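I opened this notebook to record what I looked up in the structure shown below. The entries follow the order of my reading.

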Amino acid sequence: MIASLLLVTILELATAFVKTYPQLLVVRSLVFGIGMSGIWGLYASTALENLPVDARGLASGVLQQGYALECLLASVVNLTLVPAKTVSEKLGDNAWRSLFWLAGGLSFLTAAFRAISLESEQFIRGRRESEAQGIQCHSGPLSDFSPFN
């Protein structure tokens, strides 16, 4: 999950430096195709694992609205950060890049938060059960460095 978030961070920052439309298409395709697909499943399962089984279907549908909320928030940020045309003429047409710098920063902060977060009780219980059966479990590449293990 952290690796996917860091990849999205890099790709979001790369989006701010594209010069042509084909470059934009390639970078955004990588963001959504590889980065977001690596994040979505893991976060959905993490968010739903603490809910009762009967409520997970409804909660999953509510989580799907995250994309619509994301578009709404991006529009509000765009109206706030990207200046009107008269100011934009003084700054140049590069003000839109600030949206991708913000997105990269938020992705990085999310990765940092996830790196220091505790695992859920269900995950810890599942790990103990697996280890009791002789199955070796690792949380990921940073698991040996986590202060919570």
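How are α4 and α6 oriented to each other? The model is predicted, with local features requiring pLDDT of at least 70 and side-chain atom pairs counting only at pLDDT 80 or more, while totals for chains, interfaces and linings use all residues. Residues are numbered from 1 along each chain as its sequence is written, and side-chain values use heavy atoms, leaving out hydrogens and water.

**Entry 1: a helix pair.** I looked up helix α4 (residues 66-81) and helix α6 (residues 97-116), whose axes come within 9 Å and cross at roughly 125°. Helices here are DSSP runs (H or I, at least four residues). The two are therefore oblique to each other; angles under 35 degrees count as roughly parallel, over 145 as roughly antiparallel, 65 to 115 as roughly perpendicular and the rest as oblique. I then listed the residues that meet: Ala74, Val77, Asn78 and Leu81 in α4, and Ser98, Leu99 and Leu102 in α6. By class, this contact has five nonpolar, two polar and no charged residues. Contact means heavy atoms within 4.5 Å.

**Entry 2: Leu63.** I found Leu63 in helix α3 (residues 56-64). Leu63 counts as partly exposed because its relative accessibility is 31%, where buried is under 20%, exposed is over 50% and partly exposed lies in between (1.4 Å probe, protein chains only). Not counting residues up to four places away in sequence, Leu63 touches Trp40, Ala44, Ala47 and Leu48.

Technical notes. Axes are lines fitted to C-alpha atoms, for helices over the stretch in contact, and angles run from 0 to 180 degrees between N-to-C directions. Ala, Val, Leu, Ile, Met, Phe, Trp, Tyr, Cys and Pro count as nonpolar, Asp, Glu, Lys and Arg as charged, and the others, Gly among them, as polar.
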